[in-house]
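Here are some questions and answers on a protein structure. Look at the model first, then read on.

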Number of protein chains: 2
Amino acid sequence: MLEISSISRSELKLAEWTRSIQRSSLQAMLAQASSPDILSFALGLPAPELFPREELAIAAGKVLARGGEVLQYSPSFQPLKMQIVDLMAQRGILCHEKQIFLTMGAQQGMSLLVRLLLDVNSQVILDELAYTGFRQVIEPFRPRILSARVDAETGIDVDAIERLLDSGTRPVFIYIISDGSNPTGLSLGIEKRVRLVELARRYRVPIIEDDVYGFLYYDKSLPPMRAHDDEWILYVGSFSKILAPGLRVGWVIVPEHLVSKLSIVKEASDIDTSNFSQRVISAYLDSGHLDSHLDNLRKQYKSRRDAMVYSLQKHFPKGAKWVTPTSGVFVWVELEDDIDTIAALKHAIEAEQIVFIPGHAFAIDENARARRCMRLNFSYTSLERIEDGISRLGNVVKAMSS
Amino acid sequence: MLEISSISRSELKLAEWTRSIQRSSLQAMLAQASSPDILSFALGLPAPELFPREELAIAAGKVLARGGEVLQYSPSFQPLKMQIVDLMAQRGILCHEKQIFLTMGAQQGMSLLVRLLLDVNSQVILDELAYTGFRQVIEPFRPRILSARVDAETGIDVDAIERLLDSGTRPVFIYIISDGSNPTGLSLGIEKRVRLVELARRYRVPIIEDDVYGFLYYDKSLPPMRAHDDEWILYVGSFSKILAPGLRVGWVIVPEHLVSKLSIVKEASDIDTSNFSQRVISAYLDSGHLDSHLDNLRKQYKSRRDAMVYSLQKHFPKGAKWVTPTSGVFVWVELEDDIDTIAALKHAIEAEQIVFIPGHAFAIDENARARRCMRLNFSYTSLERIEDGISRLGNVVKAMSS
């Protein structure tokens, strides 16, 4: 190495929006609590023991035997798009492969859509309790977030959205999870879905419909909003929750004219979606295993959901309330007035090595109600540990309320 | 499906910057010419027949046998970071795994760095002939691009950059490929590298050093600028050109304090880099095959480079000029005054079904010289087809100059 004259150094100057980047005390607390001994109800992880590893290994072997082009740069793999068309039909969505764009998971689908739609300092509508990852996507654009009230039983308040739009507000988009919402676990009824579609059309405001939990239904299931409209509903799907997140493959369904624009934003971001992952998933789907895998996932997660709800009834204080989720991987629990769930998390970590996410983390505005709520994940933890963990968490909460 | 009242429709409104998104006539011409019969010197693709498919299949099998966590969400895989530290030592770079951040390929590395650094309407410095993918990355920020002259033999004009900085210009960053530059194929000499590092330090202007071709050297090789400075040189590397692009794994090496910031931008973009791909690559590296694979790649690509240069000498008109590249996958050919290579491409497609990229595509400003240049890739095409193709392309060019 050459000698280079030493000159006093100063830190790099970063883009302005990065000043808002900082770890919250909650994130710090959760990071601290990421040891293997911790019992986690915190994240929305799928159960790793249920990944179809053997079938995926067979699929990977088949794919790699086919020739070098499976490891080359490649745009979206056409056969996988057609398989997604079939998969979407199971959710009641009729679409064409030309409306499908493959992404590195749902998060990238949302990120690309937002970059295509959002100008700096615009307005958007979100649930007052919203997926934090979506807020991360929009943050660099510093939008004005108009939060829509969430009814504790039925989800987003469509009347409130209609009033906003009716008064002349024109957000760039509305972001909604119709099934198994994150964080509330709620699914929208048919009337709300239809009214939202009508509002999107009437006021020409697109809805980004995040359907990553749509295949994980445990009782009844309704078609997503995209089944009712193919222009104003921009649909986001993913293999992460139904197959494996470590492959990083998802998709969006949009009007055809947006696909070429998405591909330009995507190319600038990371050229293309992993050709290998796309082909492994396509070979797996070809083998016909997905339906039985999904049946099994729904069965296993339903048992876990039931165990969690049963344990909550048994071990949580009488005043605690929740709605049993019909889809997804979360139960949203509201405690009595005097309990702050950030404090409860601190106690739970210290006394019981248990983590969850306090409701406050999802609140767009100051929200007194969210402060006494907690989001509990049931997909990641075994039946036995769910019952044990909720019982211990119940003790923490009871100790605080007494 | 429900009936929903039909209302007149209008197109979605997109973000302002997307108005600049449009396919150039060149892109349209190249897309048209993407049939398998076409002989392509256009893109910078690796040779698919050289991908180590068998070893990767073994690696994939091993990884999937290990347990479900290999398919779970996961931050950067620690063992792979440590393997990259070792790999970087081969390029003369001493770094710490805490300075490494894994990405979905080099393109994502650049995209994340740019999003961290660039504000709207800032200034950046690029070669007057620059990688189009990098321009796609910065386009949404509408920067003022200050182009630095490129010397036909020695690459970017460091004096010109010094004059710019000396006159008070403070770009947000300078983007440079030190080895086997895209599109010119040139590698910088040691003096230019050292002077650029000194300028970066003196004027506190970071350099994004894109080193995706660094391991593909055919004669001598110099350490990248990052070997001389660990604060102002932001290094971008990738497994795409040395292993397989279809796995989508690359890395950046940056000051440690930037890693947590990158991880936040990354999380918002696509949560994390494919855990499966990371682990497959790590298992492949563990098996110890990379060194001999790289030796073989360099040997094969060197033969292809030599065949291309030999054929150019034999079949191109006397006035044609090029510098034999010591690294990378491109030869940059300058023709005589009267030849427009966009017209030459049109003839080459029609008469010979051969494609390449005309120099104009890479020019930042109007650049008369670039109009008579062409970028020819030699990594993707077999020896036999290179000789045949260059001979036929020579005929096209000769017909135009006579």
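Q: Which exposed residues are on the face of α2(B) turned away from its buried side?
A: The model is predicted. A residue counts as exposed when its relative accessible area is over 50%. On the face of α2(B) turned away from the buried side, the exposed residues are B:Glu54, B:Ile58 and B:Ala65.

Q: Why do the buried residues of α2(B) line one face of the helix?
A: The buried residues of this helix are B:Leu56, B:Ala59, B:Ala60, B:Val63 and B:Leu64. Seen down the axis of α2(B), they fall within a limited arc, so they line one face; that arc is 125 degrees.

Q: Against which helices do the buried residues of α2(B) pack?
A: Buried here means under 20% relative accessible area. The buried residues of α2(B) have two partners, one in chain A and one in chain B. These are α2 (53-65) of chain A and α9 (275-286) of chain B.

Q: What distance does helix α2 of chain B reach from its first C-alpha to its last?
A: The helix covers residues 53-65, which is 13 residues. At 1.5 Å a residue the expected span is 18 Å, and the helix comes close to that. From first C-alpha to last, α2 of chain B reaches 18 Å.

Q: Which residue with a positive phi follows α2(B)?
A: The phi of this residue is near 140 degrees. The residue that follows α2(B) is B:Gly67.

Q: What is the radius of gyration of chain A?
A: Chain A has 402 residues, and a compact globule with that number would have a radius of gyration near 21 Å. The value for chain A agrees with this; it is 22 Å.

Notes. Residues are numbered from 1 along each chain as its sequence is written. Chains are lettered from A and ligands numbered from 1 in the order in which they are written. This is a predicted model: local features need pLDDT of at least 70, side-chain atom pairs count only at pLDDT 80 or more; totals for chains, interfaces and linings use all residues. Side-chain values use heavy atoms; hydrogens and water are left out. Helices (H or I, at least four residues) and strands (E, at least two) are DSSP runs, numbered from the N terminus. The expected span of a helix is 1.5 Å times one less than its number of residues. Buried means under 20% relative accessible area, exposed over 50%, partly exposed in between (1.4 Å probe, protein chains only). The arc is that of the directions from the helix axis to the C-beta atoms. Contact means heavy atoms within 4.5 Å. The radius of gyration is taken over C-alpha atoms; the globule rule is 2.2 Å times the number of residues to the power 0.38.
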